[in-house]
Amino acid sequence: MKFKAATNGFELRGLMPLATLAVLCVVTAVATDHFLSPLNLSNILVQSSIMTVVALGMTFVIVGGGFDLSVGSTVALSGCIATLVMMKAGLGLGIAAGLAAGALVGLINGVIIAILGVNAFIATLGTMVLVRGVVFLITGGAPVGDEGLPRAFVAFGSQRFLGIHYLVWVPAILLAVLSWIMQNTPHGRRIYAVGGGREASYLSGIPVERVIAWTYVWCGGLAGIAGVMLAARLQSGQPTAGEFYELTAIAAVILGGAALHGGEGALYKSVIGVFIMVVLGNSLNLLNVDSYWQRVAVGIVIIAAAAVDRLRWRR
Amino acid sequence: MTQTVLRAANITKRFGATMALDNVGVDVIGGQIHTLVGENGAGKSTLIRILGGVHKPDHGEIYLEGKLRHFSGPREAIAAGIATIPQELRLVPSLSIAENMALGDWPVTRWLGIPGIVDRARMHDEARQTLRLLNFTANLEIPVRDLPFGERQLVAIGKALRRNCRVLILDEPTAALEKHEIDRLFDILARMKDAGVAIIYISHHLDEILSLADRCTVLRDGRVAAVSRRGEFDKSAIVEAMTGGVVNEFSPDAALPGQTILEEPQRADGISLRTGELMGLAGLLGSGKERVLRRLFATGREPTQVRIRGIPTRLSAPVHAVAAGMGMVPGERGLGLIMNQSVRENILLASLDRVPSFRSRDNRADERTVEALLELLDIRPRRPELKVSMLSGGNQQKVILAKWLARKVDILLLDDPTQGIDVAAKAQIHALLRDFAKRGGAVLLSSSDLGELVRLCHTVITINRGRIGTRMDGSHLTEQGLLRAIGGG
């Protein structure tokens with residue numbers, strides 16, 4: 001009986017993010033006129049789409065017990081590389097180059113952290129600054145693209161398929177495929193195991209370093225996809241794009257209920273976390289809250305989420 | 001000088017269902033060394049924790065210099081003059097010697113009676129004077145982590161002395177010391193005796209006890225089995241009191257071991273295991289018996305060269321050891337389990353590489369494996385989705401064993417697998433290991449419970465300060481013989 005009560009309590013706590021999102025939506029719908037309008041809802045989906053892809057990657061890293069500050073810079077890097085290559089070698093190669101650039105940054109992070117054993121915070125702080133520098137070097141600080149981009153690429157950033165933006169289809173499909181990988185394959189279970197107990201995993205014969213390196217490759221690769229999506233939406237590769245994405249993504253993953261020390265969390269929960277952030281911003285906009293105050297509110301939400309995480313683990 | 005400084009009377013302490021101490025009394029006299037001996041689980045640690053204010057006794061009284069005292073925590077016991085030097089020293093590695101000695105009781109400058117900043121000059125003076133009593137001179141500015149263990153221990157003793165301790169409790173102080181460090185420690189203990197300090201000394205080394213003890217109390221199963229004075233006891237009397245003089249039933253019930261499955265041909269002191277064999281490793285704390293297990297499982301930096309079923313194999317990480325058919329049950333349960341995951345995930349943890357990384361797992365087959373193992377090992381409750389952290393210690397240990405059985409390993413390495421678990425679970429784990437060996441598995445287990453080794457194993461190897469001592473089997477394998485071999489120096 002005691003066990004039953006304990007698990008029920010746990011499941012209830014697992015519903016907290018969803019309940020938060022629901023309350024947020026209901027309050028906004030009541031307090032404003034336009035929240036439920038098709039245009040606004042579609043806006044929310046499009047605004048969430050790119051951040052969702054980044055947060056999916058961040059979930060891999062955080063579940064594996066790590067941390068990645070470099071995703072914002074990676075988003076800019078892959079967007080700029082994709083547009084640069086695209087204008088010379090066509091759409092397909094451009095997208096491939098953008099994704100490859102993201103995965104490469106992830107691999108470098110993975111090697112530095114998992115194999116060399118450098119602290120994840122320091123390592124990705126380093127690559128964050130370094131990659132941003134590289135972006136400015138290859139672009140000369142100016143936006144890439146505008147006129148010369150393939151028409152299909154620009155269409156991908158603005159058109160719809162079955163009434164839903166292409167940009168929204170991407171995270172939806174990724175969520176389905178990656179969730180299957182996380183939950184059902186040995187690869188995914190190893191990530192949970194290593195994040196939940198690195199030493200115990202090591203002593204159970206799990207190649208811990210390789211698993212950790214993989215999580216950064218996922219994160220970098222997904223940031224690469226996000227970068228390409230953002231370039232399509234902005235119809236250019238912007239060297240300053242993606243700033244503070246890393247912080248929003250980490251906040252979203254934690255809001256979704258993942259533990260910062262690893263081993264807990266799920267991709268769909270991180271998506272809920274992203275929606276909490278986006279709907280909060282949307283709601284404050286609709287309520288005409290001053291943009292300076294919006295920052296204060298978002299900061300409070302992030303701290304509150306972290307505090308809830310602490311309280312949860314204190315029991 | 002010869003008056004009782006510390007008297008504990010009728011101390012009783014219960015932890016859940018286990019009676020840790022049952023009506024235990026001890027008198028410690030100023031200027032004397034009182035040794036406390038007993039097998040693991042006899043109640044020594046509980047007794048010194050009660051004396052040191054960590055635990056509160058259920059019944060019984062503690063008198064310090066004739067006055068009845070109740071300690072609500074270690075702080076009060078230390079303030080009253082009872083200092084404990086545990087095996088894991090309570091020092092802050094990054095702070096200097098002087099700061100560690102002053103920790104929690106810093107001398108401060110005063111101005112018109114108002115406390116100001118830490119008085120570093122006085123802090124250093126006090127540290128220097130105290131350490132002079134211990135005949136220990138060192139640069140007081142260097143951080144404690146740069147000192148060898150023996151000197152860190154002196155700092156801990158110095159810290160106790162600085163606070164004018166009347167009773168000094170040492171828990172197996174020589175376990176991690178070199179020979180010359182032991183001599184120095186004994187010299188210091190002699191000085192402290194002369195200064196009138198009452199010393200409680202816990203040890204497993206019978207030679208140490210004979211040479212140091214003015215009095216000796218033997219604990220067995222939470223009771224006082226014997227108390228005697230210098231000259232009244234010898235080794236065999238202590239051993240008999242510790243073990244209860246029981247004749248050990250050696251039961252060679254398992255099938256006779258078969259061919260060699262694991263050996264270390266490149267080491268003179270290598271282990272050689274045969275199929276069907278249960279081999280034990282006996283040794284005191286700090287003897288390095290668990291290092292043998294870690295070496296075979298390749299957890300260190302150095303690769304291990306072994307032959308498995310005659311095939312030379314190089315193991316450079318646990319991944320290789322597992323691939324070669326070995327499983328390890330570590331001494332700390334937290335190192336064997338992913339605590340925030342379910343029983344099911346933990347049981348399947350070592351078998352993840354049975355399916356390609358990006359293929360779906362066979363959930364139906366996994367479910368059957370888990371169900372069968374929950375049943376076989378009697379893991380309770382039978383709820384595979386329960387978080388493993390919710391289980392009792394005994395059931396957690398069974399989950400670790402289930403993890404390796406799910407992988408169908410041939411060799412099990414176990415580091416004190418039944419430590420701190422209840423009698424019923426212990427018996428089940430023993431039965432399981434016997435069965436594992438009977439089916440052709442090989443078992444190498446270290447244990448601090450000598451009776452367990454005698455009852456369970458075909459062969460026991462004793463380890464003494466990192467080296468292989470004697471090898472006992474058949475009718476030569478007795479608890480008393482083992483105790484002498486590991487503690488006799």
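## Basis of the description

Two strands are taken to pair if DSSP finds at least two bridges between them, while helices (H or I, at least four residues) and strands (E, at least two) are DSSP runs numbered from the N terminus. This is a predicted model, in which local features need pLDDT of at least 70 and side-chain atom pairs count only at pLDDT 80 or more, whereas totals for chains, interfaces and linings use all residues. Residues are numbered from 1 along each chain as its sequence is written, and chains are lettered from A and ligands numbered from 1 in the order in which they are written.

## The sheet of chain B

In chain B, six strands make up an open sheet of mixed pairing, ordered β6-β9-β10-β3-β11-β12. The edges are held by β6 (82-85) and β12 (223-229) of chain B, and each has a single partner strand, so one side of each lacks a neighbour in the sheet. Neighbouring strands are turned by 20° against each other on average, direction ignored; the axes behind such angles are lines fitted to C-alpha atoms, for helices over the stretch in contact, and angles run from 0 to 180 degrees between N-to-C directions.

Strand β3 (residues 33-37) of chain B runs parallel to strand β10 (residues 198-202) of chain B, to which four bridges join it, and I33(B) stands opposite I199(B) in β10(B). Helix α5 (residues 149-162) of chain B packs on the sheet, where it touches β6 and β9 (167-171) of chain B, with its direction at about 175° to that of β6(B); contact here requires C-beta atoms, placed from the backbone, within 7 Å. Helix α8 (residues 235-243) of chain B lies across β3, β11 (215-220) and β12 of chain B, at about 30° to β11(B).

## Helix α3 of chain A

Helix α3 (residues 38-63) of chain A has 26 residues and, at 1.5 Å a residue, should span 38 Å, which agrees with the 35 Å between its end C-alpha atoms; the expected span is 1.5 Å times one less than the number of residues. A kink of about 35° in α3(A) is centred on S49(A), the bend being the angle between axes fitted to the seven residues ending there and the seven starting there. G65(A), with a positive phi near 90°, follows α3(A).

## Confidence in chain A

The pLDDT, the predictor's confidence in each residue from 0 to 100, averages 87 in chain A, and 94% of the residues score at least 70. Over residues 1-10 of chain A the pLDDT is below 50. Where pLDDT is low, the predicted coordinates should not be read in detail.

Notes:
Contact = placed C-beta atoms within 7 Å.
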